[in-house]
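Visitor: Could you take me through one part of this protein at close range? I would like to look at its charged side chains and their surroundings.

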Amino acid sequence: AKLERPRVGHGSGYQHKSGRRNAEKWTSMIDVAGIVPRNRERARILIVDDEPDVAVTLTGMLETEGYQVLIAATAERALHLASQDALTVMLLDLRLDRLEGIGLLDEVRAAQPFCEGIILTGSGSLDTAVAAIRKGAYDYVIKPCILEELKQTVARAIDRANMARESQERLVALEVANATIAEFAKDLELQVKFATELSDQKAREVALVARQLKESQQHRDDF
């Protein structure tokens, strides 16, 4: 039977598509708004506080640092903004109208796992601070806060968010690379198998011709 050379990619498409699917999944998480903040200057920060004076003060401070700032006075508004834009950091009051700030942070991080949260409150305690951090908050600040210290805390939170995002992107790239290598290895295995079978077939054909020549020579000798 005539051998047919295997096609490139044959037999390994599942692994390649699997890697692509995971890459697309994480890309959708990483890039919610189409443009992802990559450094401090491009960071997008959401302030969630029902005190206008606090929100205005924080906005002025953060915009001076070059950040893009969004403001929400309610949890509902915050969730709406979070569904529209990729966030780097959230500054949110511990007590909100519909749910605690920690609960809001949980909802946002479920959709944006690289968003870091900084809890603000006017009546905090060490126990509350520890609970907030254990539930995923990056840090905890008691109002009125020292703006310079808050500025440094926000900068560290941005760095942490960017590092987490970049680490995940590297993992995705590695997964895609591994899937590609697996595909190439499968293709190579098929090509080697084809070459081996072709070589064996040629060897059998040569042996058959040699036997036929030998038999023909014996017939001539007999005559």
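Is E65 buried, partly exposed or exposed?

Guide: E65 counts as partly exposed, at 32% relative accessibility (buried means under 20% relative accessible area, exposed over 50%, partly exposed in between, with a 1.4 Å probe and protein chains only). This is a predicted model, where local features need pLDDT of at least 70, side-chain atom pairs count only at pLDDT 80 or more, and totals for chains, interfaces and linings use all residues. Residues are numbered from 1 along each chain as its sequence is written, and side-chain values use heavy atoms, leaving out hydrogens and water.

The side chain of E65 meets that of K151 in a salt bridge, 3.4 Å from N to O (a side-chain nitrogen of Lys or Arg within 4 Å of a carboxyl oxygen of Asp or Glu). E65 sits in the loop between α2 (52–64) and β2 (68–72), and K151 in helix α6, so their pairing ties together parts that are 86 residues apart in sequence. Helices here are DSSP runs (H or I, at least four residues), as are strands (E, at least two), numbered from the N terminus.

K151 is partly exposed too, with a relative accessible area of 21%. Its side chain also forms a salt bridge with E148, again 3.4 Å from N to O; the two are 3 residues apart in helix α6, about one helical turn. E148 is partly exposed at 44%, and a network of salt bridges links E65, E148 and K151.

Helix α6 covers residues 147–222, and L147 belongs to it. L147 touches T57, L58 and M61, leaving aside residues up to four places away in sequence (contact means heavy atoms within 4.5 Å).
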